Amino acid sequence: MTPFSYARAGDSAEALRLGAVQDAAYLGGGTNLVDLMRETVATPTTVVDVTGFADTIVETDGGGLLIGAAVRNTALAEHRTVRTRYPMLSRAILAGASAQIRNMATVGGNLLQRTRCAYFYDTDGSLCNKRSPGSGCDARGGFNRIHAILGASDACVATHPSDMCVALAALDATVHLQGNGGRRTLPFTELHRLPGDTPEFDTVLDHGELITAIELPAMPFAARSTYRKVRDRASYAFALISVAAALEIEGDHITDVRLAFGGVAHKPWRALKAETALRGGPATEAAFRDAAIAEFADAKPLRDNGFKPELATRTLAAVLMELTGAPAGAAA
């Protein structure tokens with residue numbers, strides 16, 4: 001591990017001052033950052049501890065929730081309002097990591113974990129443009145079973161690892177930020193970047209900018225929502241495919257829907273094409289499959305992950321059938 005200085009910020013102003021120096025990093029639970037520092041993938045010269053910041057979950061005037069960036073993942077997953085109004089979020093968090101990690105990890109830290117794959121960690125033998133810009137991407141010609149099929153580039157095919165973030169993308173969350181230039185808000189779906197030619201940048205945050213909170217809007221039909229994760233082993237692993245879904249039905253037709261996929265792209269993938277295809281249409285398994293096929297029409301699988309579009313289609317259909325109350329495989 002590279003030597004570094006450590007400072008615990010008493011408030012956001014102090015954190016911004018300390019975090020403004022070159023190669024500084026903010027420390028939440030440390031469940032990703034400390035691992036990367038041990039492997040010398042991340043080499044910050046200054047680590048600024050922000051775990052003393054707001055860890056509250058409060059209702060907003062509009063009927064949503066404001067979640068402090070320092071809230072622990074366990075506390076968010078177990079919060080009564082989250083479990084009843086936004087069950088997909090609670091289920092996504094529980095699918096994402098062991099209890100020990102959830103007890104340490106913070107909401108802000110979860111959002112800022114690095115998009116990565118095994119080649120990103122291999123500092124001794126693998127080329128990785130995220131770790132060393134311009135060096136190349138060994139994943140493209142290597143073992144790429146878990147890698148991206150949407151929004152990737154020649155520079156990077158890694159997938160975003162967070163389960164929580166997939167649910168937040170589906171829920172139309174807003175990110176509250178504070179930097180030396182002031183405060184701003186950002187739609188959650190605009191926080192993370194696709195790789196393009198600069199995969200070393202995971203988010204659109206300015207240098208030293210802080211995530212202070214996440215806001216969930218009032219979304220009554222999100223009470224009928226869920227999250228499903230498909231992975232290679234039952235223990236904790238990155239998703240091959242995951243789906244966050246909320247569904248509103250009147251009679252036999254869909255009046256509103258929110259969908260996002262994990263395990264398919266460099267960022268949580270909001271399924272806007274599938275949502276558009278479903279709104280106003282019948283709530284049938286055939287319609288659900290057709291919507292997924294439309295979403296993945298532009299997919300570009302690699303050598304080892306050509307199964308992903310069909311797996312995503314089957315998973316989405318099964319999840320939405322579950323939300324209708326009908327068993328998957330029922331007559332459309």
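Met1 sits in the segment that precedes strand S1 (5-8); helices (H or I, at least four residues) and strands (E, at least two) are DSSP runs, numbered from the N terminus. The model is a predicted one, in which local features need pLDDT of at least 70 and side-chain atom pairs count only at pLDDT 80 or more, while totals for chains, interfaces and linings use all residues. Residues are numbered from 1 along each chain as its sequence is written, and side-chain values use heavy atoms, with hydrogens and water left out.

With a relative accessible area of 52%, Met1 is exposed. The scale runs from buried (under 20% relative accessible area) through partly exposed (in between) to exposed (over 50%), with a 1.4 Å probe and protein chains only. Together with Phe4 and Tyr6, Met1 makes a nonpolar surface patch of about 330 Å². Patches are made of residues with over 30% relative accessible area and no salt bridge; like charges are joined within 9 Å, and nonpolar side chains (Val, Leu, Ile, Met, Phe, Trp, Tyr) within 5 Å. Accessible areas come from the Shrake-Rupley method with a 1.4 Å probe, and for residues only the protein chains shown count as cover.

Next come the charged pairs. Side chains of opposite charge can pair when their charged atoms come close. Across the whole structure, 21 salt bridges are found, each being a side-chain nitrogen of Lys or Arg within 4 Å of a carboxyl oxygen of Asp or Glu.

One of them joins Lys130 to Asp202, with the closest N and O atoms 2.5 Å apart. Lys130 belongs to the loop between helix H8 (118-121) and helix H9 (164-170), and Asp202 to the loop between strand S7 (182-187) and strand S8 (210-216), so this pair ties together parts that are 72 residues apart in sequence. Both Lys130 and Asp202 are buried.

A salt bridge also links Glu322 and Arg228, whose closest N and O atoms are 2.8 Å apart. Because Glu322 is in helix H12 (residues 308-324) and Arg228 in strand S9 (residues 225-230), the pair ties together parts 94 residues apart in sequence. Glu322 is partly exposed, at 39% relative accessibility, and Arg228 is partly exposed at 32%.

Asp256 and Arg279 meet through their side chains in a salt bridge of 2.9 Å, N to O. Asp256 lies in strand S11 (residues 253-262) and Arg279 in the loop between helix H10 (272-278) and helix H11 (285-295), 23 residues apart. Asp256 is buried, at 17% relative accessible area, whereas Arg279 is partly exposed at 34%. Salt bridges that share partners join Asp256 and Arg279 with Asp172, Arg258, Arg270 and Glu275 in one network.
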